[in-house]
Amino acid sequence: MAIVNLPDEHKIIRDDAAIRQHLAGIGIGYERWQPAHPVADDAPPEEILAAYAAEIERLKALGGYVTADVIDVSARTSGLEEMLQKFSREHWHDEDEVRFIISGRGLFHIYPKSGPLTAIEVVPGDLLSVPRGTRHWFGLCADRQIRAIRLFQDQAGWVPHYTDSGAEGRYQPVCFGPANIPLSEVVI
Ligand SMILES: [Fe+2]
């Protein structure tokens, strides 16, 4: 389950229902997906896409998405810093940004039209949909690794429109991650 942080309100949301309610309230799509059959995190892209084909097809029909692919980002990715610099400044797109997390984690900051700045730490099993026109930025967590399915309405739509607001500089990117879960929450 994702972890939602509202830094301006000094509030962290970990409860499933509360997370869904908050994200729906700011217009962010959020689902939890299960694969149709077990699939390894490092399986080839076509196996990953096949395991989630039913969910992908359902979302394609709902949102007008035409293609899906698998993206891998890690410390071994060439040009990682340049790539992260593109993601980490506030921007918006002409199409939805839809990501399903297979492994690793990442941190979306969302500046909704109404509602508080919302940081969403996405983890495996999370489907996040950022509607077109929504201001946001993205960064990796300390493990600097994420593998995700992307859905596109039009690949050209990925082009970022930067706001140059400097908003991203006002918020410390904080991932909580498993290491920071209080011991009382750890299931052994
Ligand atoms: Fe984006």
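On a 1 Å grid over the protein atoms alone, a pocket is an open set of points where a 1.4 Å probe fits, with protein on both sides within 12 Å along at least five of seven lines, and its lining residues have an atom within 4 Å of a point. Grid points are joined across faces, edges and corners, and a volume is the space filled by probe spheres set on the points. The model is predicted: local features need pLDDT of at least 70, side-chain atom pairs count only at pLDDT 80 or more, and totals for chains, interfaces and linings use all residues. Residues are numbered from 1 along each chain as its sequence is written, and side-chain values use heavy atoms, with hydrogens and water left out.

**Largest pocket**
- The largest pocket holds about 280 Å³ of space.
- Its lining has 18 residues, of which I71, F87, R99, R150 and W158 are the closest to the centre.
- At least two lining residues each come from β4 (67-73), α4 (80-87), β6 (97-104), β10 (135-140) and β11 (146-152); helices (H or I, at least four residues) and strands (E, at least two) are DSSP runs, numbered from the N terminus.
- With four residues, α4 gives the most to this lining.
- By class, 12 of the residues are nonpolar, two polar and four charged (nonpolar: Ala, Val, Leu, Ile, Met, Phe, Trp, Tyr, Cys and Pro; charged: Asp, Glu, Lys and Arg; polar: the others, Gly among them).

**Second largest pocket**
- The volume of the second largest pocket is about 210 Å³.
- Among its 13 lining residues, S88, F138, G139, L140 and P173 are the closest to the centre.
- Two or more residues of this lining come from each of α4, β7 (106-111) and β10.
- β10 supplies the largest share, four residues.
- This lining comprises seven nonpolar, four polar and two charged residues.
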